[in-house]
Amino acid sequence: MWRLPRALCVHAAKTSKLPGPWSRPAAFMSTLLINQPQYAWLKELGLREENEGVYNGSWGGRGEVITTYCPANNEPIARVRQASVADYEETVKKAKEAWKIWADIPAPKRGEIVRQIGDALREKIQVLGSLVSLEMGKILVEGVGEVQEYVDICDYAVGLSRMIGGPILPSESKTCASALIEQWNPVGLVGIITAFNFPVAVYGWNNAIAMICGNVCLWKVAPAPSFVSVAFTLAKVLEDNKLPGAICSLTCGGADIGTAMAKDERVNLLSFTGSTQVGKQVALMVQERFGRSLLELGGNNAIIANVLYGPLHTKQAVSMFLGAVEEAKKEGGTVVYGGKVMDRPGNYVEPTIVTGLAHDASIAHTETFAPILYVFKFKNEEEVFAWNNEVKQGLSSSIFTKDLGRIFRWLGPKGSDCGIVNVNIPTSGAEIGGAFGGEKHTGGGRESGSDAWKHYMRRSTCTINYSKDLPLAQGIKFQ
């Protein structure tokens, strides 16, 4: 599951012999958080000062070395060697070879492997959640909760592995000697590009479902939480079951790797989570090759549930927060609470409430990824429903009411046009039993539960004639 010492995972603990930035003075290495006593738990996951960011059955990486930082104090955690384009090419080839083995394994047996993945996550859920919190900046309970989502979707996928099937449809053949069925088969290689804010849960949603459907996976996380992706590699479970590690491959990297995945015809489905701006580019590149994409893009949800939160992810995010506050003021808004950067180490900002803006102010329609709440006064239900729907993003929405009629109007055709429509519960969080995703500029993709598994498979409509005649639909006869 994670990178383990030599006794458990042969390759994971090899000392890197790579030249250049990997050769650092001991004094420099000692400044890394991984070498400080209070962070010794990181080495329980087999992580080191320098970590290879490519896994395809063996560990490697010949790309740029990046340093990951803790957003709570902006101190360096460790380093990861990213994938080069050559690494990517090698990994895709190995993944396609691994698919030939994985696709032949019965779905319930694939489910058993996913069950073991879930169990491995359970064993280390606290330390893995701590890693998410350390590198991404979430409060600890949310970091652990993100790992729990991966565990939950594994449980869901195990059951699904015994239930996937197509319908048997009534045939219109006059001979009554033919069968019309739907056959579902894996698409092949699923590329999974995840964003910085949910690096683990979104990968888990895609990975567990894609695996039981018979696909192999190639994961590329946003560069900032690269350390998380290295720790969550599924090497141990696959190796213990004598399966190719390339079934669940990893290529840490930047835009060059993401672009390669989007343009690569060997990637049969590309699941991309990120901004709407980048998602548009990804969609065009995939569509140009008539490929399949699953997009989960910008959200800009309407509610902030509480003020218990961690730091922003990067210094750039702090600058974006300040820029949004200033823009809100320019557009006529009044900051009634917050609006400042906190005077303390790390990327902490004040929770901020802005009033006085017009409902269609451009800043209110912009996803800032910061704790800013824009408050609007409305006259009636129809007006506020329309305001909700005029936002280009359509991920999640929520209403708080005890009016039964209003609840069902909110859920109905003239209510919220988002993919997730809640009542009396915040917009954050989602149960894995329902499909997760949104409409409009959020991309239209669906991950996790319900019938989202269909994204990861191809459908064939099959007519089987077992008579001695040659009947055709619509009564057509060639004479």
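Q: In which strand is the place of Lys 440?
A: The model is a predicted one, in which local features need pLDDT of at least 70 and side-chain atom pairs count only at pLDDT 80 or more, while totals for chains, interfaces and linings use all residues. Residues are numbered from 1 along each chain as its sequence is written, and side-chain values use heavy atoms, leaving out hydrogens and water. Helices (H or I, at least four residues) and strands (E, at least two) are DSSP runs, numbered from the N terminus. On this basis, Lys 440 belongs to strand E20.

Q: Is Lys 440 buried, partly exposed or exposed?
A: A residue is buried under 20% relative accessible area, exposed over 50%, and partly exposed in between (1.4 Å probe, protein chains only). Because its relative accessibility is 34%, Lys 440 counts as partly exposed.

Q: Which side chain makes a polar contact with the side chain of Arg 446?
A: Arg 446 lies in the loop between strand E20 (439–440) and strand E21 (447–448), and it is buried because its relative accessible area is 16%. A polar contact is a pair of N or O atoms within 3.5 Å; within protein, one must be able to donate a hydrogen and the other to accept it, and residues adjacent in sequence count only if both atoms are side-chain atoms. The backbone oxygen of Gly 438 lies 3.2 Å from a polar atom of the Arg 446 side chain. The side-chain partner, at 2.4 Å, is Glu 439.

Q: Which residue in E12 is the bridge partner of Ser 271?
A: Strand E11 (residues 269–273) runs parallel to E12, and five bridges join them, where two strands pair if DSSP finds at least two bridges between them. In E12, the partner of Ser 271 is Leu 294.

Q: What is the phi of Phe 290?
A: Phe 290 sits in the loop between helix H10 (276–288) and strand E12 (292–296), and it counts as exposed because its relative accessibility is 73%. Although Phe 290 is not a glycine, its phi is positive, at about 55°.
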